[in-house]
Each structure stands twice: as C-alpha cells, then as structure tokens.
Amino acid sequence: MSAWNRTGPVVVEVDGSAENLRVVDYAAAEALRSGAELVLVAPYSAHAAFDPMTPGYAPKPPAELADAALRAAVAHVRHRNGYGIELAAVAGEGPRGRVLARAARNARMLVVARPRSRGLQRLMHTQAHLTLASRAGCPVVVVPLSWKPSLLDRKVAVGVDGTSLSVEALEFAFAAATVREGGLIVVHAGLPAERPFTEEDPECSWISRAEYMLSETLDPWTSRFPTVKVTRYLTNRPPAAALVHESCDVGLVVVGAHTGPLPIDPVARRSLAAMTCPVAIVPHHPDSAEQARRPASRRTAVAAPARPAP
C-alpha cells in the first residue's frame, strides 16, 4: 500500500481497556482539529483463549468482547465531544496488524497505543509499529498510555536528514503544526560522513553545510505553510538522542521510516522506544527513480540496515 489519503479519516485502535480510552481521546482531538471522521477499530481473534486454571468457565466470544469495547469507546467519545464529530466503529477478525492495515487503507493517520513494556518486549512492540506503518501506508501515531492533553500539544518536532526519506515526514509535520496553530522544530542531528570543506574549521564548515541543506529542504514547505513558525535545531548529537531530548518539550515528534517487507530503521526504532510524547511514524515510499538507484541488496526483502533517519 503506497497511497496516503491526506483527507481521509483518523483511525484508532480500540482494545477495551480503560487506559486505551486516552489513546481514543488523542485520536478524537486529531479528528476534531482537521474536521475528519473518526473510525474506531477493534481487532479480535476468531477463537477465545483457553485458561487451564478455570476449566469450567466459558469466556465470552471474542467478537462479543470487541463489540462491547467499541460500544464503550463510542459512548466515551460522545460523552466528551457530543455529536460534533463524525464517528464509525468497525470490529475486524484476524491478526492485529492485518486488521489495522486494512482499516487504515484510506486513512490520513492510524493511532495506536504504546504498551507499558520494557527491555526486549518493548523492542518487539517498537518493531511491530514500524512494520505496521510500512503495511498501512499512512502515518502511524504511537501514543503513550500515560498521555494527557497539555499546552505542549501545540508544538511539533521533526527529524530531517537531507534525503528523500524526510519528504513525507516534513509534509506531515507542517500539516500537524498548522492545524495545531503551533510551532515546528526541525532537527538535524549527527555529523556528516564526508570530509569538511576546510580542515581549518571543520565545525563551522559542518554548520554551514547543514544550514544550506535545511534551507534547500524547507523552502518548498515554508512557502506552502507560511503560518507555521519554524525553529531550526542543529546538533552533533546522535539523531535518536536529539529527537528523544526534544520529545520532552513538544507534543508530537515526527520521524520518517523506510517501507518494505522488513523495515529496518535504527533511528526510528530507538526514538520510538524512548520517546516521552506521541510519535508519528511516516513511511517513505520511494519512486521508480529512487528504486533504480538502490543497490540490489537494498531491494531484497532482507536488506542491510537502512540509512538512519533523524
């Protein structure tokens, strides 16, 4: 799936837990800001899990539990927002990733929760979110279960590396800052691999090149979104560390991510695992010219690690 419907609905996953309602609130706020429809999706398995500790207990069918979760979520949205938001609810049987990707086929964004997990389990959840963004084709916003509305929600940060990987991420970030009527922080982090223009002052040379790259990259978007106040942040920190640092002072961090059967984005993965605010994973779908320039090993299902995105 490579089409991203910029005017489509906001899709959010519903799992029936009380904490998940915060994620639903986040998606509802996004839908209200943009005047979009809100679609609630509850994936479920065809068979209920068997508990050997209660052999005589017959659990409710998963489809009924999904319907109950959707009814509770709809009632919650109506209670908080009234009928000023267009609302739809869908229960889908099958693997979670497949159900959500299918529901987000024509969405402007897909909103999911970041589970409370640590260590290896958190890394597994993070990779699952990157894979979901690749399959869905639209930006996937991962919201911590601890999220609450605040004044920081008006601020957006986006990582830029000067490559085409940042194109869709910049578009999403500028649009998000516009509807929030807030500012946008553009982060360019890490030292370049190429040699500086002059050996006498390599740091100054790097800053000059970074500023030139940002000017060239941002020029089309600043003219398209003239009301967005842009702040440029240049740092020699590792990209993931710089984005995690910015997440403490903004309401949304936007990162670009590669697509493919096995998306591997070290920076996006590390950033997503450590962020303290919602993170938007915006997939980049290369055109035919970009695909032709890629080495053959990069076009296979199992590829070498992709170029890090800030």
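The secondary structure of the protein comprises nine helices and ten strands, as seen in a predicted model whose pLDDT averages 83, with 80% of the residues scoring at least 70. Confidence is highest in β1, at 98, and lowest in helix α9 (residues 288–293), where the mean is 58. Over residues 296–310 the pLDDT is below 50, although this stretch has 39 contacts in the model beyond near neighbours in sequence. Of the 310 residues in the protein, 46% are buried. Among contacts between residues at least 6 apart in sequence, 80% join residues at least 24 apart.

In soluble globular proteins, nonpolar side chains tend to be buried together. In the present model, the largest nonpolar core has 84 residues, and those with the most contacts inside this core are L38, V111 and V254. Helix α5 (residues 167–180) gives the most to the core, contributing seven residues. Beyond residues up to four places away in sequence, L38 touches V10, V12, A27, A28, A31, V77, I85, E86, L87 and A88.

One of the residues touched by L38 is E86, which is found in the loop between α2 (62–81) and β3 (87–93). With a relative accessibility of 54%, E86 counts as exposed, because the cut-off for this class is over 50%. Once its neighbours within four places in sequence are set aside, E86 is in contact with E37 and L38. The C-alpha atoms of E86 and A28 are separated by 9.8 Å, the two residues being 58 residues apart along the chain.

Helix α5, which gives the most residues to the core, is mostly covered, with ten of its 14 residues buried. The length of the helix agrees with expectation, because 14 residues at 1.5 Å a residue should span 20 Å and the end C-alpha atoms of α5 are 20 Å apart. The helix is followed by E181, a residue in the loop between α5 and β7 (183–189). Most residues other than glycine have a negative phi. The phi of E181, by contrast, is positive, near 55°, in a residue other than glycine. E181 is exposed, since its relative accessible area is 62%.

Three aromatic pairs are present in the structure. In one of them, the ring centres of W4 and F172 are 6.2 Å apart and the ring planes lie at 40°, so the pair is classed as tilted. This pair links distant parts of the chain, as W4 lies in the segment before β1 (10–13) and F172 in helix α5, 168 residues apart. F174 and F225 are both buried.

The segment before β1 also holds R6, a residue that is partly exposed, with a relative accessible area of 39%. When neighbours within four places in sequence are left aside, R6 is in contact with R108 and E171. The C-alpha atoms of R6 and M109 are 8.3 Å apart in space, whereas the two residues are 103 residues apart in sequence.

Notes:
Residues are numbered from 1 along each chain as its sequence is written. Side-chain values use heavy atoms; hydrogens and water are left out. A nonpolar core is a set of buried Ala, Val, Leu, Ile, Met, Phe, Trp, Tyr and Cys residues joined through side-chain atoms within 4.5 Å. Buried means under 20% relative accessible area, exposed over 50%, partly exposed in between (1.4 Å probe, protein chains only). Helices (H or I, at least four residues) and strands (E, at least two) are DSSP runs, numbered from the N terminus. Contact means heavy atoms within 4.5 Å. Rings of Phe, Tyr and Trp (its six-membered ring) pair if their centres lie within 6.5 Å; planes under 30 degrees apart count as stacked, over 60 as edge-to-face and the rest as tilted. pLDDT is the predictor's confidence in each residue, from 0 to 100. The expected span of a helix is 1.5 Å times one less than its number of residues.
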